[in-house]
There are 2 protein chains.
Amino acid sequence: MAVADPIARLVKELARLPGIGEKTAQRLAFHILKAGAGYAGDLAAAIAGVVRDVRLCSTCQTLTDQDPCAICRDPERDPRTLCVVEGVPDLLAVERTHEFRGRYHVLHGALSPLDGVGPSDLKIRELLVRLEREPADEIVVATNPDVEGEATALYLTKLLKPMGLKVTRIAQGVPMGGDLEYADQVTLARALAGRREL
Amino acid sequence: MAVADPIARLVKELARLPGIGEKTAQRLAFHILKAGAGYAGDLAAAIAGVVRDVRLCSTCQTLTDQDPCAICRDPERDPRTLCVVEGVPDLLAVERTHEFRGRYHVLHGALSPLDGVGPSDLKIRELLVRLEREPADEIVVATNPDVEGEATALYLTKLLKPMGLKVTRIAQGVPMGGDLEYADQVTLARALAGRREL
C-alpha cells in the first residue's frame, strides 16, 4: 500500500521543483493538506495566475504583468544607461543595492556552447533593436562572474563597442566582509588586477 | 521597483510552506514560470485535487481518497493487531519496513499540554469506538520516541490495558548502522534497559 493517489500525484509534481526531493515533497504535500482548502486554493490560484498574467516586457525583457514594465515606464530612470543581466533574479539583486538608477536588459541566459546556448538563444537581438530605437550611452554588463557570464560579457563588448557605445563590466574582487585568507586565488588575482588608487 | 505582482503573490504563498524561505520561494516561483503553463497547470490541479479528494478513513483515520482506505479494505491485513501512529508519514515509514501485517490507527498528533493538545484533540475517541466494533488483540504503540510520543504511549496504555488489551511499544535503542561512541546517553540507557538474551 502506498499513499492515496491524489497525495502521490501532488508529491510527484512537487518533487519536480528544483532542490525538492521525494521526502521534502511529501512533507510539503502533507502540510498543504493540513493547512486546508483556504491555503491550497490561494496557492493553486497564485500558480495559475503567474503563468497567465506574467509575460516579458517588450522593451527590457524582464518578467512583468504590465507591458512596458514598471522600470521601463518610470521617467525617473535614466534610459541612456542599461544594465545587462542574465536573469530576473540578477535584476532584483541589482535593484536591492538602490545604487543603479538606469534601466535594464534581461538576456534570459548566458552563452554556453557546451549546453548549446548561442547568441540567438539570448535576448541579444532584442537589445540591438532596442538600442536602435532608444540610443544609450553606457551598457553596464552585469552577467555572472563565471565562465558563461564572462564569455557573454566579451561577446557583448565585441558587438556593442564598434557601435560607439561605452561598455563597462561590474568590478570583480574580494567580497565585502570577506577574509583575504579565505579568498580563492582567481578572485584575489582579479582584485589585484582591478586595484584603484586611493 | 519590486518583482511583478503575480510573482510576488506566488513567492508569498510558497514561502508559507515549511522549510521554504523567501529566497527559495523566489527560486521556485521563477522555475514554475520557466517550466511553463503545462507544469503550472499540473501542479495547481494536483494541489486543488488533494484538498478536494482526500479525506480521513472513517475506520483508521488515515488520509485516503477512498473510504475505507486500501489497508482497512485489505482482507490480508490482520484486523486484530493495530499499530497506533501519530501521523500519516509515520504510517508510511512503518509500511516501508514490510514487516507489519496488521492495520493502523492514526492519532493525528501527540499529547502536548504545553501546546494545548489534549486527548480530545487526537483520534482517541475514534480508536475506542473502533475497538468496540472490531475487537483487537494487540495495540502496537508506534508514537515518536520523544516527550510527547512517550506521554501519548503512557496515556494509551493506561486507557487500553484495563480493557484487557495487550499494549506494546516499539523498541528503543541504538539505531542500526550507528556507532555506540556517538549514541546519546538517553538512547544508550534505553538500549541497555531493553537488552535481550541471545
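## Largest pocket

In this predicted model, helices α1 (5-14) and α2 (22-35) of chain A and α5 of chain B each contribute at least two residues to the lining of the largest pocket. Helices (H or I, at least four residues) and strands (E, at least two) are DSSP runs numbered from the N terminus. A pocket is an open set of points on a 1 Å grid over the protein atoms alone, with protein on both sides within 12 Å along at least five of seven lines, and its lining residues have an atom within 4 Å of a point. α2(A) gives the largest share of this lining, eight residues.

The lining has 31 residues, and those nearest the pocket centre are A:Q26, A:F30, B:G87, B:V88 and B:P89. By class there are 15 nonpolar, six polar and 10 charged residues; Ala, Val, Leu, Ile, Met, Phe, Trp, Tyr, Cys and Pro count as nonpolar, Asp, Glu, Lys and Arg as charged, and the others, Gly among them, as polar. The volume is about 960 Å³, where a volume is the space filled by probe spheres set on grid points joined across faces, edges and corners.

## Second largest pocket

The second largest pocket has about 580 Å³ of space. Its lining comprises 21 residues, with A:G87, A:V88, A:P89, B:F30 and B:K34 closest to the centre. Helix α5 (88-96) of chain A and helix α2 (22-35) of chain B each supply at least two lining residues. The most come from α2(B), with eight. Eight residues of this lining are nonpolar, seven polar and six charged.

## Cavity in chain A

One cavity of 30 Å³ or more is counted; a cavity is a set of grid points where a 1.4 Å probe fits but cannot get out. The largest cavity holds about 30 Å³ and is lined by A:P79, A:L82, A:R103, A:R130, A:L131 and A:E134. β3 (78-85) and α6 (124-133) of chain A each provide at least two of its lining residues. Three of the lining residues are nonpolar and three charged, with no polar residue.

## Sheet and helices of chain B

Chain B has an open sheet of four strands in the order β4-β3-β5-β6, paired in parallel; two strands pair if DSSP finds at least two bridges between them. Strands β4 (102-106) and β6 (166-169) of chain B are at the edges with a single partner strand each, so one side of each has no neighbour in the sheet. From one strand to the next the twist averages 25°. Four bridges join β3 (residues 78-85) and β5 (residues 138-141) of chain B in the parallel sense, and B:T81 has B:E138 in β5(B) as its bridge partner.

Helix α5 (residues 88-96) of chain B lies across β3 and β4 of chain B, at about 160° to β4(B). Helix α6 (residues 124-133) of chain B also packs on the sheet, touching β3, β4 and β5 of chain B, and its direction makes about 145° with that of β4(B). Contact means heavy atoms within 4.5 Å; axes are lines fitted to C-alpha atoms, for helices over the stretch in contact, and angles run from 0 to 180 degrees between N-to-C directions.

## Annotated span in chain A

An unreviewed UniProt entry annotates residues 80-175 of chain A as "domain: Toprim". UniProt positions are given in the numbering used here, feature names are shortened, and annotations may be inferred rather than shown by experiment. The end C-alpha atoms of residues 80-175 of chain A are 29 Å apart, and the span is 34% helix and 20% strand.

## Conventions

Residues are numbered from 1 along each chain as its sequence is written, and chains are lettered from A and ligands numbered from 1 in the order in which they are written. In this predicted model local features need pLDDT of at least 70, side-chain atom pairs count only at pLDDT 80 or more, and totals for chains, interfaces and linings use all residues, while side-chain values use heavy atoms, with hydrogens and water left out.
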